[in-house]
Amino acid sequence: MSVLVVTGTGTEIGKTVSTAAVAAAALARGRSVAVLKPAQTGVAEGEPGDAAEVGRLAGAVTLLELARYPEPLAPATAARRAGRPPVRPHEVADAAEKLATEHDLVLVEGAGGLLVRFDETGATLADAARLLGAPVLVVAHAGLGTLNATTLTTEALHARGLECPGVVIGSWPAAADLASRCNVADLPESSGVPLLGAIPQGAPALPPAEFRAQAPGWLAPRLDGTWDPARLAA
């Protein structure tokens, strides 16, 4: 896959650190990587956003942010309140396609969940993925409630004819509770797609060199890693 869209089952779910891990694993395989953030919300001008955090953790990636809105709201709402133009799906697709001509892998990190509105027409990240014909990786919570939220997201993708290669757990707790441990087996069965990785809690606090060295061990071979879900279950 030359373009991979990354979404989540909600906000603050671990999309950015998961995107950084996928980028780091691809770089470790010798692939060139670009990261596209269509709409950054909740960050003031001049402050580092999600794309910058991916670059800090993953290393030598090309970064592109299409729009930034200061309030931590859905992109459509944040754009309207800021009096700025919204991001349109065709703009996301055009930017990703251009990056794909110059890079082996382009990661498009959404804001919030799959169906968060980009603009006043109700366009979403799913529409951008459809224009690109790109698969959509889902980042999910580890614990109680994730089965429903993840399955709703994968069903929404399938209803739109979009491919979902799998799910990554965005923050795997150091001391996993019963629900989290059971979800290792239950998530693939419920969502209908494989579990492709688990990012350990606290990974963003690692020194960047250590993050890059460890990242392939958090992701399955389909994401350029060496991770095996059996290890997590154990």
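Author: Gladly! Let's begin with one atom pair: a polar atom of the Thr41 side chain lies 3.3 Å from the backbone oxygen of Leu73. Before we go on, this is a predicted model, where local features need pLDDT of at least 70 and side-chain atom pairs count only at pLDDT 80 or more, while totals for chains, interfaces and linings use all residues. Residues are numbered from 1 along each chain as its sequence is written, and side-chain values use heavy atoms, with hydrogens and water left out.

Reader: What makes the pair of Thr41 and Leu73 a polar contact?

Author: A polar contact is a pair of N or O atoms within 3.5 Å; within protein, one must be able to donate a hydrogen and the other to accept it, and residues adjacent in sequence count only if both atoms are side-chain atoms. The 3.3 Å between Thr41 and Leu73 is within that limit.

Reader: How do you know whether Ser18 is buried or exposed?

Author: The same cut-off works here: Ser18 has 2% relative accessibility, so Ser18 counts as buried. Among the residues that Ser18 touches, beyond those up to four places away in sequence, are Val139 and Ile199.

Reader: Why are H1 and H2 called oblique?

Author: Helices (H or I, at least four residues) are DSSP runs, numbered from the N terminus. H1 and H2 pack at about 40°, with axes 9 Å apart. The axes are lines fitted to C-alpha atoms over the stretch in contact, and angles run from 0 to 180 degrees between N-to-C directions. Under 35 degrees counts as roughly parallel, over 145 as roughly antiparallel, 65 to 115 as roughly perpendicular and the rest as oblique, so H1 and H2 are oblique.

Reader: And what makes H6 roughly parallel to H7?

Author: H6 (residues 146-159) and H7 (residues 178-191) pack at an angle of about 30°, with their axes 9 Å apart. That angle is under 35 degrees, so H6 is roughly parallel to H7. Among the residues making this contact are Thr150 of H6 and Leu187 of H7.

Methods: Helix = DSSP H or I, 4+ residues; strand = E, 2+ residues; numbered from the N terminus. Contact = heavy atoms within 4.5 Å. Buried < 20%, exposed > 50% of the residue type's maximum accessible area, 1.4 Å probe, protein only.
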